[in-house]
Amino acid sequence: MIEAETLTLIYPPLLVLAAALLVVVLPRIAGFTAGALSLAAVLAISVAVPEGSHLTGTFLGFEVAPFYVDEFSQFIGMGLGFLGVCSVIYAYSSEASRVLVAFALVYVASALGAAFAGDWLVLVFMWELMALTSTLVVWHYGGDAVRAGYRYAIFHGTGGVIVLFAVVAHYVEVGSFLYADHTGIAGGLPTMLAILGIGVNVGFVGLHTWLPDTYPRPHIAASVFLSVFTTKTSAFILYRAFPVEGDGHLYLAYMGGLMSVYGASFALLQHDMRALLSYHIQAQLGYIVAGIGIGSAIASAGALGHLFNNILFKSLLFMAVGVVIYRTGEEDLYELGGLWREMPLTAVAFGLGALSITAIPGFNGYISKGMVFDAADPGYYGAPEYQALYWLLFLGAIGTLLSFIKLGYYVFFHGESDISVPDAKPGQTVAMFGLGGACLLFGVWWQGFADLLPLVEESTHVFEYPGGESELHPYSLSHLETAGILVAISAVTFAVVRKPLSKLDISDPATIVFPAGYYLGRWSMLATTELYAAVDRAVVGFVKRCYWLGDNPVLAVDAAARRLPMVDVEDRRPADGGRPSTIHLRTSIGTTVLLITVLLTIVLWLLVN
């Protein structure tokens, strides 16, 4: 029996990283088993390690805490660990290659490293590693995924650099990287940079286009991994940067409201099934961002709860849609129909995910989304300034219901299926129903879910809000009435807009960043290279002239004298023939950058010491 104190010494990312290596070298079933067991161990560690446990050390002279366990990281670790086990089982059954799963496990390890980090320095390292490894997961599939992967890498590379600047500015302000030494990110410049950098990974409106561009393109098993680890880990880091505060962050809250409406609206217009789900990553993250922005205890608890629930139902939906694509080869939802007869298990699994994400009573999304609604509603615990936010979230909920009514209708129920295909494979079925069972469990047994939630008292389910204290009552009559109104409005609206909706094909205007980014990058590259060439020509010419002057001083004096008026200079022949320079002066841009980097490093070292 391993004691809890011993588990503290086991660093979860290293377990998963070791499993990634085993996946490559062991026979397929043994390697995938090792991967699943490593993530089961992460789940066990998240449950068993006592709150407050940590590992500390120094890096480059700075104090760091690579493994930091509190009620928040425990909660997220449980979700990521459980989802990881199901994802590996699904990948094995979906014929994902060993190399793909190895990349995916390294990606998972970096996400876990970010989630369990206890300081901003370790976080930045894991953040960048997460961007790199997730890009490899996308690229592995080849084809269209390669170009999308480059765009994905540019987005996340840029966001990572901004996060790095935020962390450096934070250190300048507070003198420490440790979370424990300061509550959240420092105000002022660090706050502005953190919002922008983390906003890329979280999918703020205008910074979200990598989501629907990337996630529909790789292997179906890769989409399952990608749909969770970057965005959900980043949303958790957003909470680390902006924890519970009395006044909240109004701009963050309203960005969350806009995300919920924007994501749901463009999801409703999609033909590609995985693109629809990708827009709903943004929409559901909107509720999480709104809760973090409101900043009260119930809002933050609801945000973290919805993050946990998203880990479950979003991956389940990608799995169910992935099985449909795996069996039919079709990505367009309008080209399908009637599949519930051919694939009843997949249809049920999809139903569990759809009922969860749309916050139907009895499912986990209803509990957590309801808490965010309550936090924004002035009639419950929200302040008057969040009245408009409440209606934005309400519109986002209608859009979510419409999207999944549409997706389920056209894929599983509309018309008769003109193809005969088998249902999900055993591993796919186990993974889907494992996640679906958890969605149902935490919706029905909401007390158990509430006991896991940070910021909510265990057993009594009491939480604080600006006006005092209260208890969770998710199945009160008023909450059930609100859910019923949402369902009724959505069902009627779908019946009205179904036919015209199927004819709409409107592109996301934010995708203008792709051609704009291409031309900006091209012009920047040309400007840089032409400037480099001009400077290079000038410097090389100057050095050559200096060399010639040093090698031929007499000829130089003669040449200068010939330019003077009234001076008669006798012709001379150089003793050595005036040989040209043999110095090799040109080098590549890469070598030049390397030399400059080495020179700057030496200068910085001299300055520091």
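Reader: How many salt bridges does the count come to?

Author: Six salt bridges. Keep in mind that this is a predicted model.

Reader: What does R151 form a salt bridge with?

Author: With D213. Their closest N and O atoms are 2.8 Å apart. The pair links distant parts of the chain, with R151 in helix α7 and D213 in helix α9, 62 residues apart.

Reader: Is D213 buried or exposed?

Author: Buried, because its relative accessible area is 6% and the limit for buried is under 20%. R151 is partly exposed, at 25%.

Reader: Next pair. Which side chain does E331 meet in a salt bridge?

Author: That of R274, at 3.0 Å from N to O. This pair also links distant parts of the chain, 57 residues apart. E331 sits in the loop between α13 and α14, and R274 in helix α12.

Reader: And is R274 buried or exposed?

Author: R274 counts as buried, at 3% relative accessibility. E331 counts as partly exposed, at 24%.

Reader: What about R341, which side chain does it meet?

Author: R341 and E416 meet in a salt bridge, 3.5 Å from N to O. R341 lies in helix α14 and E416 in the loop between α17 and α18, so the pair ties together parts that are 75 residues apart in sequence.

Reader: Why does E416 count as exposed?

Author: Because its relative accessibility is 61%, and exposed means over 50%. R341 has 46% and counts as partly exposed.

Reader: Which residues do shared partners join into one network?

Author: R151, D213 and R217, through salt bridges that share partners.

Reader: Switching topic. Which residues make the nonpolar surface patch?

Author: V161, L164, F165, V168 and V172. The patch is about 440 Å².

Reader: Where is F165?

Author: In helix α7, which covers residues 144-174. F165 counts as partly exposed, at 47% relative accessibility.

Reader: Now backbone. What is phi of L455?

Author: Near 75°, a positive value in a residue other than glycine. L455 is in the loop between α19 and β3. It is partly exposed, with a relative accessible area of 26%.

Reader: And phi of S459?

Author: Also near 75°, and positive, in a residue other than glycine. S459 is in the loop between α19 and β3.

Reader: Is S459 buried or exposed?

Author: Exposed, because its relative accessible area is 57% and the cut-off is over 50%.

How values were computed
Residues numbered from 1 in each chain as written. Predicted model: local features only at pLDDT ≥ 70, side-chain atom pairs only at ≥ 80, totals over all residues. Heavy atoms only, no water. Patch = residues over 30% accessible without salt bridge, like charges linked within 9 Å, V, L, I, M, F, W, Y side chains within 5 Å. Areas by Shrake-Rupley, 256 points an atom, 1.4 Å probe, with all protein chains shown as cover. Salt bridge = Lys/Arg side-chain N within 4 Å of Asp/Glu carboxyl O. Helix = DSSP H or I, 4+ residues; strand = E, 2+ residues; numbered from the N terminus. Buried < 20%, exposed > 50% of the residue type's maximum accessible area, 1.4 Å probe, protein only.
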